[in-house]
Amino acid sequence: MIRKKPSVRENSSSSSTTAREEKTEWEMRPGGMLVQKRTVQTDASARNLRLRIAYGALRYEICVSSIATFGEVKKVLCGETGLQVDEQRVVYRGKERQNGEYLEACGVKDRSKVVLIQDPSSIERRFIQMRINAKIQNAHRAINDVALQLDQLADQVSAIEKSISNGVKVPEVQITTLIEMLMRQAIKLESITAEGDASAPKNLQGKRVQKCVETLDELKLSNGRTKPVVVTTKWETFEHPPSSTTWELFD
């Protein structure tokens with residue numbers, strides 16, 4: 001059997017067709033439609049749309065590209081409403097729109113109305129976060145109160161340490177009382193529920209209490225070996241000189 005050899009013209013036509021197909025890029029549009037991917041020229045010719053946003057009793061007007069997605073609309077609304085993208089639900093023509101849907105594919109025109117609703121689950125999440133933040137703030141205040149008390153007690157520990165180092169014996173009850181006061185602050189710290197960034201300062205103050213108590217325990221031993229200083233005062237007595245004063249009488 002004799003096969004016909006393809007001509008040069010047919011080969012060139014076939015190769016050019018294949019080249020065009022390779023250069024053509026496709027994308028899946030919302031709804032499953034396969035279309036040619038937008039090029040830079042197509043994006044450059046896109047026009048801007050003014051959208052009217054209804055968010056409860058509030059009204060906004062934003063400007064976006066006609067080839068934008070509803071996810072990009074939500075990003076613009078973040079600055080207007082303060083809601084994050086995952087907290088927003090966008091409804092157009094009675095249907096909630098997903099982030100990946102394009103405006104033009106859904107029939108959005110200039111001055112179209114879009115309804116914005118806050119996701120109910122985000123309201124609950126925000127309320128829970130507010131409660132957590134309030135607990136953290138309360139923990140910070142309680143830890144700060146303990147820190148102020150520890151500052152005063154640490155000064156007393158330093159004073160006792162200085163006295164003992166100078167050879168002055170300190171009453172043991174003074175050291176014991178100071179240890180008890182430090183332990184009370186330790187109990188206060190344990191009762192504080194620290195969450196988030198409040199854990200670090202709580203642990204820091206706990207280490208301060210431990211260090212002061214350990215220092216006092218060592219000072220208690222040193223104080224026991226210190227001999228009290230006995231101050232004796234020797235007074236020198238002087239004898240009264242004999243009175244030899246002669247008085248002269250005048251009339």
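Predicted model: local features only at pLDDT ≥ 70, side-chain atom pairs only at ≥ 80, totals over all residues.
Helix H3 runs over residues 70-81. At 1.5 Å a residue, its twelve residues should span 16 Å, and the end C-alpha atoms do sit 16 Å apart, so expectation and model agree. Seen down the axis, the buried residues of H3 fall within an arc of 160°, so they line one face of the helix. That buried set is made up of Phe-70, Gly-71, Val-73, Lys-74, Leu-77, Cys-78 and Thr-81. Turned away from it, the other face carries the exposed Lys-75 and Gly-79. As for what covers the buried residues, the list includes strands S3 (48-55), S4 (58-65), S5 (88-92), S6 (95-97) and S7 (113-118). Just past the end of H3 comes Gly-82, with a positive phi of about 85°.

Leaving out residues up to four places away in sequence, Lys-74 touches Val-85, Gln-88, Val-90, Arg-97 and Asn-99.

Elsewhere, the largest nonpolar core has 24 residues, with Ile-160, Ile-175, Leu-182, Val-209 and Leu-216 making the most contacts inside it. Helices H4 (120-165), H5 (172-191) and H6 (199-225) are the elements that each give two or more residues to this core, and H4 gives the most, with ten. Apart from this core lies another, of 19 residues, among them Leu-49, Leu-51, Tyr-60 and Leu-103.

How values were computed. Residues numbered from 1 in each chain as written. Heavy atoms only, no water. Helix = DSSP H or I, 4+ residues; strand = E, 2+ residues; numbered from the N terminus. Contact = heavy atoms within 4.5 Å. Expected span 1.5 Å × (residues − 1). Buried < 20%, exposed > 50% of the residue type's maximum accessible area, 1.4 Å probe, protein only. Arc of directions from axis to C-beta. Core = buried A, V, L, I, M, F, W, Y, C linked by side-chain atoms within 4.5 Å.
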